[in-house]
Structures are given as structure tokens and as C-alpha cells.
Amino acid sequence: MISSGLKNPNIGENLHLHPVAMAWGYFPDSNLEFKGKSYEGGIITAVNKVVSGYNSDAISTRAILETPALGPASFATLCPWESGADLKQRMLKYARTAHLISIIRDRGSGNVKALRILIAAGAVEVGTHRSDGQRIKCKGIKKKELEEFLDTVYAAEGPLSQNEDWMIYFSAHQMGSSRMGIDENEGAVDENGESWEAQGLYVCDASVLPTAIGVNPMITIESTAYCLSKRIAESITTQ
């Protein structure tokens with residue numbers, strides 16, 4: 001819309017998204033619980049709300065765990081770099097590597113809970129996307145060893161921190177960059193999703209949401225698009 005020359009100040013502004021951390025687990029072919037390949041099936045097959053831990057004020061923090069779709073190119077790009085040989089081995093295991101993403105709204109980390117779930121599901125190796133290649137082989141591991149490893153998992157700062165160990169984070173559910181408003185000062189589009197500047201130009205995706213929502217927005221986006229598309233259809237038939 002900006003490239004088309006529209007001048008509304010809300011276009012491209014007010015972007016909201018969900019920052020997420022990711023944990024992974026490797027399931028060998030002999031694991032019958034992990035059927036098929038990681039790239040098969042639906043994009044999101046499970047969403048779970050969990051208590052991830054306690055913050056500095058001893059208040060439990062909640063996280064949303066989801067199963068994302070991760071293609072081979074994204075997988076290769078996001079793998080912590082240790083060596084060429086290590087990346088080759090990771091890619092050979094790609095089809096049997098499952099991921100869980102953790103969406104949270106504070107400094108706590110749902111990665112510990114995600115790792116526990118992957119281990120309980122039968123993963124023989126689990127890890128995070130921390131720059132040092134944080135991972136552990138968990139087949140036959142003793143409880144004490146596991147807890148010691150999980151104690152080292154935390155929400156490290158990102159790569160711009162220039163810390164020795166940093167975490168690769170991801171963004172999901174981009175929303176609000178062409179938000180709906182009661183007038184052209186409050187939003188880029190009106191209640192019908194139509195641009196305040198260009199008649200007949202409609203926006204029907206997550207861009208029209210006024211702000212971020214604290215849950216997976218998929219159904220909200222679908223519902224919004226459905227309602228706006230019905231209004232567009234009605235406006236065409238009444239012209």
C-alpha cells in the first residue's frame with residue numbers, strides 16, 4: 001500500500017507480533033510414536049497452554065506451545081552453527097526432527113516445558129536454538145542429569161546482544177500494520193476493511209487487527225476475513 005503511493009500514517013505502522021522461542025527433538029525411525037515425517041500433515045496440529053515456570057516474583061507464567069511447519073531451508077538457516085559436519089548431520093535428521101514453539105508474554109521461558117514434552121514423546125536427543133548448540137542425548141538419561149540440563153535452559157538474549165551465548169528467536173502472527181479505525185486518523189481502513197484513501201481497495205488479513213491478541217490468531221483472522229468478504233460481496237450486489 002505504501003508502494004502504491006497511499007499516505008495514511010497508519011499504513012506500515014503499529015506492527016504487532018508474537019516473539020517465539022523454539023525447541024526440537026529427534027525421533028529415530030525405530031520410534032513408532034513419531035509416525036511419518038516432520039514436513040507432513042497440517043501446518044499447526046496442536047496448541048497447548050502450559051505453566052512454564054515462575055518469574056522473579058514467584059508467580060507462575062503461562063506459555064502457549066504449538067507445533068510449527070518448518071521447511072528444510074528454514075531448518076538449515078535456523079540451526080545453530082557449530083561446523084559443516086554438524087549441519088550435515090542435522091540435515092540428515094531433518095525429516096525426523098520435531099519442533100515446538102513457545103509463545104509467552106514475559107521473561108519466562110516455555111522451552112523447558114517443550115523439552116519435557118519432546119522427551120516424554122520418545123525423542124532420543126533434544127535441544128534449543130541457542131548459539132552454542134545446546135542439546136542433550138536423552139535415551140537412557142538419569143533424572144538428575146536431565147534436571148541439570150534443563151536448569152541451563154533459559155531465555156537468553158538475541159544475537160544483537162553480542163553475548164557469548166545468544167538465542168535465535170522467531171516472529172509469528174504479524175498483525176496490525178494496516179489497522180481498522182473509526183476514521184483515517186485512527187486506522188488505515190474502515191470497519192469494512194476499505195482503505196480510507198482508495199475506494200474499492202480492501203484489506204482482509206491480520207493487518208486490520210487493531211492490536212495483537214494473546215492467543216493464536218488463526219481463527220480470528222479467518223473470521224475477520226469471512227465477515228469483511230461478506231460485506232464486500234454485499235456492497236457489489238447493491239451497487
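View 1. H99 belongs to strand β4, and helices (H or I, at least four residues) and strands (E, at least two) are DSSP runs numbered from the N terminus. With a relative accessible area of 8%, H99 is buried; buried stands for under 20% relative accessible area, exposed for over 50%, and partly exposed for what lies in between, with a 1.4 Å probe and protein chains only. Residues are numbered from 1 along each chain as its sequence is written, and side-chain values use heavy atoms, with hydrogens and water left out. Because the model is predicted, local features need pLDDT of at least 70 and side-chain atom pairs count only at pLDDT 80 or more, whereas totals for chains, interfaces and linings use all residues.

**View 2. The aromatic pair of F75 and Y94.** A search of the whole structure finds 1 aromatic pair; rings of Phe, Tyr and Trp (its six-membered ring) pair if their centres lie within 6.5 Å, and planes under 30 degrees apart count as stacked, over 60 as edge-to-face and the rest as tilted. The ring centres of F75 and Y94 are 5.2 Å apart and the planes stand at 65°, so this pair is edge-to-face. F75 lies in helix α1 (residues 72-78) and Y94 in the loop between α2 (84-92) and β4, so the pair ties together parts that are 19 residues apart in sequence. F75 is buried, with a relative accessible area of 4%, and Y94 is buried as well, with a relative accessible area of 9%.

**View 3. The largest nonpolar core.** A nonpolar core is a set of buried Ala, Val, Leu, Ile, Met, Phe, Trp, Tyr and Cys residues joined through side-chain atoms within 4.5 Å. The largest such core has 20 residues, of which L115, L118, V126, F149 and L150 touch the most other members. At least two residues of this core are supplied by each of β3 (60-66), β4 (97-103), α3 (111-120) and α4 (143-150), and the largest share, 5 residues, comes from α3. Apart from this core lies another, of 13 residues, among them M22, F75, Y94 and I101. In soluble globular proteins, nonpolar side chains tend to be buried together.

**View 4. The buried face of helix α4.** Within α4, the residues L146, F149 and L150 are buried. Seen down the axis of α4, these buried residues fall within an arc of 95°, so they line one face of the helix; the arc is that of the directions from the helix axis to the C-beta atoms. The buried residues of α4 pack against α3, β5 (125-128) and β6 (135-137). For L150, the residues touched are V112, L115 and R116, when those up to four places away in sequence are not counted.

View 5. A156 lies in the loop between α4 and β7 (170-175) and is buried, with a relative accessible area of 3%. Not counting residues up to four places away in sequence, A156 touches R130, D165, W166, M167 and Y169. The C-alpha atoms of A156 and R130 are separated by 7.8 Å, although these residues are 26 residues apart along the chain. Q162 also lies in the loop between α4 and β7, but Q162 is exposed, with a relative accessible area of 73%, and has a positive phi of about 65° although it is not a glycine.

**View 6. P28 in the loop between β1 and β2.** P28 is placed in the loop between β1 (16-26) and β2 (47-54) and is buried, with a relative accessible area of 17%. Leaving aside neighbours within four places in sequence, P28 is in contact with R96 and V124.

**View 7. Residues 54-58 and the confidence of the model.** The mean pLDDT of the chain is 86, and 88% of its residues reach 70 or more, pLDDT being the predictor's confidence in each residue, from 0 to 100. Over residues 54-58 the pLDDT is below 50, and this stretch has 5 contacts in the model beyond near neighbours in sequence. Where pLDDT is low, the predicted coordinates should not be read in detail.

Technical notes
Contact means heavy atoms within 4.5 Å.
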